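This report describes part of a predicted model.

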Amino acid sequence: MSKKVIMERLKKLMALSRSSNVHEAAAAMERATQLMQEHQITEDDLVLSNVTECNTSFAWGAKVNPAQYQTWLWSMIQDVFGVECVFNTHSGHVTFYGLSGRAEMAAYTCDVLSRQLGRARADFLKSQNKRLKRQTKISRADNFAEGWIVAVRSKAQSMAVSQDERTLMLTYAKRTWGQTENLSGRAAREARGTSEAFGLGFREGKNANLHRPMSAQERLAIEGRAA
């Protein structure tokens with residue numbers, strides 16, 4: 001049996017161990033204990049197996065020191081879905097991790113919004129006077145992107161996450177990646193016209209399509225079918 005299959009078997013046995021039938025509960029706990037000993041699985045391993053992770057398919061160009069608007073986007077998605085994330089340097093991808101399949105939904109939403117923002121920022125750059133210095137255009141575009149994210153964030157609702165869940169995700173991160181650091185990102189530089197660019201980005205961001213994708217269980221529930 002693969003480790004994933006063993007973990008799923010253990011979860012079912014642990015659920016049965018809480019049965020009101022004393023004999024069934026005892027038998028399930030005994031079998032669960034045997035499996036854990038056979039495969040050297042601890043109770044912590046079993047609890048941490050409830051955390052899943054999912055990588056974004058979209059990759060940003062800055063693969064070492066991302067821009068502040070990018071980290072703002074990731075932070076917003078963390079709050080909306082009650083997950084955490086790590087930035088994969090040298091690949092530009094982001095890994096979200098959390099409970100209840102929320103990591104997959106977070107990664108999907110991040111891909112959707114990243115592409116929307118990428119297109120909006122690119123269109124803004126094209127609209128700038130070609131005689132402007134490249135640095136001025138980049139500064140304006142970054143401010144535009146920050147304004148865009150602020151607008152999207154104003155429409156989003158945060159998910160309440162218990163302290164136990166946060167502790168679990170912190171433990172998972174330490175075990176998986178070791179010591180991680182919070183990225184603040186490169187703030188957009190000030191230049192002539194950046195305030196106007198931020199305001200334009202904010203107005204554009206109000207039209208962004210922020211939606212929470214449904215999990216498989218949610219889709220089945222709406223369709224009136226059991227998972």
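Against which elements do the buried residues of H4 pack? They pack against S2, S3, H5 and H6.

Helix H4 runs over residues 68–81. At 1.5 Å a residue, its 14 residues should span 20 Å, and the end C-alpha atoms are 20 Å apart, which agrees. Of these 14 residues, 11 are buried, so H4 is largely enclosed by the rest of the structure. Among the buried residues are Leu73, Trp74, Met76, Ile77, Val80 and Phe81, along with Gln68, Gln70 and Gln78.

Two packed helices are described by the angle between their axes and the distance between the axes. For helix H5 (residues 102–127) and helix H6 (residues 134–155), the axes come within 10 Å and cross at roughly 140°. That angle makes H5 oblique to H6. The crossing of H5 and H6 is right-handed.

On the H5 side, the contact is made by Leu113, Gln116, Leu117, Ala120, Arg121, Phe124 and Leu125. The residues they meet in H6 include Ile138, Ala141, Phe144, Trp148 and Val152, as well as Lys137, Arg140 and Asp142. By class, the contact of H5 with H6 has 12 nonpolar, one polar and four charged residues.

How values were computed: Residues are numbered from 1 along each chain as its sequence is written. This is a predicted model: local features need pLDDT of at least 70, side-chain atom pairs count only at pLDDT 80 or more; totals for chains, interfaces and linings use all residues. Side-chain values use heavy atoms; hydrogens and water are left out. Axes are lines fitted to C-alpha atoms, for helices over the stretch in contact, and angles run from 0 to 180 degrees between N-to-C directions. Helices (H or I, at least four residues) and strands (E, at least two) are DSSP runs, numbered from the N terminus. Angles under 35 degrees count as roughly parallel, over 145 as roughly antiparallel, 65 to 115 as roughly perpendicular and the rest as oblique. A crossing is left-handed if the near helix is turned anticlockwise from the far one by less than a right angle, and right-handed if clockwise. Contact means heavy atoms within 4.5 Å. Ala, Val, Leu, Ile, Met, Phe, Trp, Tyr, Cys and Pro count as nonpolar, Asp, Glu, Lys and Arg as charged, and the others, Gly among them, as polar. The expected span of a helix is 1.5 Å times one less than its number of residues. Buried means under 20% relative accessible area, exposed over 50%, partly exposed in between (1.4 Å probe, protein chains only).
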